[in-house]
Amino acid sequence: MTAVASAELEDLAYNQYVEASSTINDGQHVAKRAVDRGESYWASAPGYSDAKYAVFFGEMKTIKEIKIKWQYPAKDFEVQGWTQDG
């Protein structure tokens, strides 16, 4: 996942703190893999139909574009944003 802030395509999600509601517990597909720029990826447990994934930026960011590189595309997904206060 890449969260882009400007025309320079800065990857705001790179190495940020992340949480996932479900993960394959094999060490190769843990939540952090989605933002480490590596060849691996995050994966929820098989059959888990309501997986949630969150990236914590630590401060307010203006995001103009979100790119998701799918290994296995979701059937349905939604992107939400929020602040610590809201």
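A residue is called buried when its relative accessible area is under 20%, exposed when that value is over 50%, and partly exposed in between. Keep those cut-offs in mind, because Tyr41 sits at 21% relative accessibility and therefore counts as partly exposed. One more thing before we set off: what you're looking at is a predicted model.

Let's start with the aromatic rings. How many aromatic pairs does a search of the whole structure find? The search turns up four. One of them is made by Tyr41 and Tyr72: their ring centres are 6.1 Å apart and their planes meet at 70°, so this pair is edge-to-face. Follow the chain between the two and you'll see that this pair links distant parts of it, with Tyr41 in the loop between S2 and S3 and Tyr72 in the segment after strand S4 (65-67), 31 residues apart. Is Tyr72 buried or exposed? With a relative accessible area of 62%, Tyr72 is exposed, while Tyr41, as we saw, is partly exposed. Another pair joins Trp42 and Tyr53, whose ring centres are 4.8 Å apart and whose planes are at 40°, so this one is tilted. Trp42 belongs to the loop between S2 and S3 and Tyr53 to strand S3, so the pair ties together parts 11 residues apart in sequence. Both residues fall into the middle class of accessibility: Trp42 is partly exposed at 22%, and Tyr53 is partly exposed at 24%.

Now stay in that loop and look for His29. You'll find His29 between strand S2 (17-20) and strand S3 (53-56). Why does His29 count as buried? Its relative accessible area is 13%, and the cut-off for buried is under 20%. The side chain of His29 reaches the backbone oxygen of Tyr41 at 2.9 Å, so here is our tyrosine from the edge-to-face pair again. Leaving out residues up to four places away in sequence, His29 touches Thr23, Ile24, Ser40, Tyr41, Trp42 and Ala43.

Next comes Arg33, also in the loop between S2 and S3. Arg33 counts as partly exposed, at 26% relative accessibility. Which residues is Arg33 in contact with, once its neighbours within four places are left aside? They are Gly27, Gln28, Ser40, Tyr41 and Trp42. Notice that Tyr41 and Trp42 turn up here and also on the list for His29.

You'll find Asn15 in the loop between strand S1 (2-4) and S2, and at 41% relative accessibility it counts as partly exposed.

Arg37 shows a positive phi too, at about 65°, and it isn't a glycine either. Arg37 lies in the loop between S2 and S3. With 56% relative accessibility, Arg37 counts as exposed. Finally, look at where Arg37 is placed: over the face of Tyr14, at 3.6 Å from the ring centre.

Notes: Residues are numbered from 1 along each chain as its sequence is written. This is a predicted model: local features need pLDDT of at least 70, side-chain atom pairs count only at pLDDT 80 or more; totals for chains, interfaces and linings use all residues. Side-chain values use heavy atoms; hydrogens and water are left out. Helices (H or I, at least four residues) and strands (E, at least two) are DSSP runs, numbered from the N terminus. Buried means under 20% relative accessible area, exposed over 50%, partly exposed in between (1.4 Å probe, protein chains only). A polar contact is a pair of N or O atoms within 3.5 Å; within protein, one must be able to donate a hydrogen and the other to accept it, and residues adjacent in sequence count only if both atoms are side-chain atoms. Contact means heavy atoms within 4.5 Å. Rings of Phe, Tyr and Trp (its six-membered ring) pair if their centres lie within 6.5 Å; planes under 30 degrees apart count as stacked, over 60 as edge-to-face and the rest as tilted. A charge sits over a ring if NZ of Lys or CZ of Arg is within 6 Å of the ring centre and within 35 degrees of the ring normal.
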